[in-house]
Amino acid sequence: MRWHNPKEEPFRISGFAWFGEEERYRRLPANPEYNLPVSVDRLANDTSGGQIRFRTNASKLAIKVKLTASAGMGHMPASGQCGFDVYVGKPGQQQYYASTYPAIHDQAFERTIWDLTGSNAEQLKEITLNFPLYVGVVEVLIGTNPDAVIESPTPFFSDKRVIFYGTSITQGGCASRPGMSYTNILSRRVNLEFINLGFSGSGKGEHEVALTIREIERPACFVLDYEANATLQQYKATLLPFIETYRKYHPQVPIIVVSRIPYTQDKATGQYDEHQERREHSKNIVEKLKEQGDQHIAFIDGMKLLGEYWHECTVDGVHPNDLGFMEMANRMESAFDFLKI
């Protein structure tokens, strides 16, 4: 095998907004200008939303990975927490091929993705590898047979990025594999780079986070999906200031505010009324800003994202399973039609 560093040409790394300056698999800057919450700074090392893209005619394809941690969540498969998964096809035509992941308790692994010796191995294939959702990546290498051709992937429609900020659900908890987080599903339908800034338990709308996110250049769209992590008081205190902070830098960028999806125990635990109050707050803020002249802001009702069988779309009553994420992506997709070629 010949081992390639995907940080080098002609591979393309996407999903890490500061990669061009730092060449790190990290979702926020390593030395942020603003004093980020400790949990956000730590979770920024989780690689959710990262992708490696390239084209190859390799008859043998493999991956070698060193992680920052092993799988440690009982309600989420190791393949989603720690694995890479593989899609084959051009943008808009990608199909799932395989998943690679470590054994339980391991922090490193090497896996063969395919060995096509003797078959139609000369055809150039377009590859997308999705990074793990819930651990960091110290190193990843791509292995091919020595004479394999490696070429740049089909370029994105433009150099603009779709940015999501939110919670563990945004980060991808609890998809069975990385490609099934709702942001990665949408990335296969919209030919742009997607930036996932979901921080498990830590999406609380802090001002320092807003200041950091607005530094991301070339935004195509900004999605706020953090309601579930903030208390009602925190959410009411932060949503409008967060939007206003972002608007100072990006007055014309579309902003989409998403209210949280339903939890199966909302009514049993007395959270239903508070959930409705949060939802109405999101909706009212968007309507207020529209009345004040902001024609680039929209609201998505999270209560409508899971469909008829919403109670079957979860692993624990809160976090979606793969069915839940697919339902979310299917119902959110039309909001991004303006970004499609």
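User: What supplies the largest share of the lining of the largest cavity?

Analyst: That would be β8, with 3 residues. At least two lining residues each come from β3 (51–56), β8 (125–130) and β12 (193–198); strands are DSSP runs of E, at least two residues long, and helices are runs of H or I, at least four long, both numbered from the N terminus. Please keep in mind that this is a predicted model, in which local features need pLDDT of at least 70 and side-chain atom pairs count only at pLDDT 80 or more, while totals for chains, interfaces and linings use all residues. Residues are numbered from 1 along each chain as its sequence is written, and side-chain values use heavy atoms, leaving out hydrogens and water.

User: What makes a space a cavity and not a pocket?

Analyst: The test is whether a 1.4 Å probe that fits can get out: on a 1 Å grid over the protein atoms alone, it cannot leave a cavity, whereas a pocket is an open set with protein on both sides within 12 Å along at least five of seven lines. Lining residues have an atom within 4 Å of a point. By this rule there are 3 cavities of 30 Å³ or more. The largest cavity has a volume of about 150 Å³, and among its 20 lining residues Gln51, Arg53, Gln94, Thr128 and Ser187 lie nearest its centre. The second largest cavity holds about 60 Å³.

User: How do the residues of the lining of the second largest cavity divide?

Analyst: Into 6 nonpolar, 2 polar and 2 charged. Asp, Glu, Lys and Arg are charged, Ala, Val, Leu, Ile, Met, Phe, Trp, Tyr, Cys and Pro are nonpolar, and the others, including Gly, are polar. The lining of this cavity includes Asp225, Ser259 and Arg260. For the largest cavity the classes are 6 nonpolar, 9 polar and 5 charged.

User: Which residues are closest to the centre of the largest pocket?

Analyst: The largest pocket has about 280 Å³ of space, and of its 14 lining residues Ala17, Phe19, Gly20, Glu21 and Arg161 are the closest to the centre. Helix α1 (residues 19–22) gives the largest share of that lining, 3 residues. The second largest pocket has about 210 Å³, with Arg12, Ile13, Arg53, Phe156 and Glu193 the closest to its centre.

User: Why is Asp301 called buried?

Analyst: Its relative accessibility is 11%, and buried means under 20% relative accessible area, with exposed over 50% and partly exposed in between (1.4 Å probe, protein chains only); therefore Asp301 counts as buried. Asp301 sits in the loop between β15 (297–300) and α9 (322–332). Leaving aside neighbours within four places in sequence, Asp301 is in contact (heavy atoms within 4.5 Å) with Ser259 and Arg279.

User: What makes a polar contact between the side chains of Asp301 and Arg279?

Analyst: The distance is 2.8 Å, and the rule asks for N or O atoms within 3.5 Å; within protein one must be able to donate a hydrogen and the other to accept it, and residues adjacent in sequence count only through side-chain atoms on both sides. The Asp301 side chain also reaches the backbone nitrogen of Met303 at 2.9 Å.

Terms used. Grid points are joined across faces, edges and corners, and a volume is the space filled by probe spheres set on the points.
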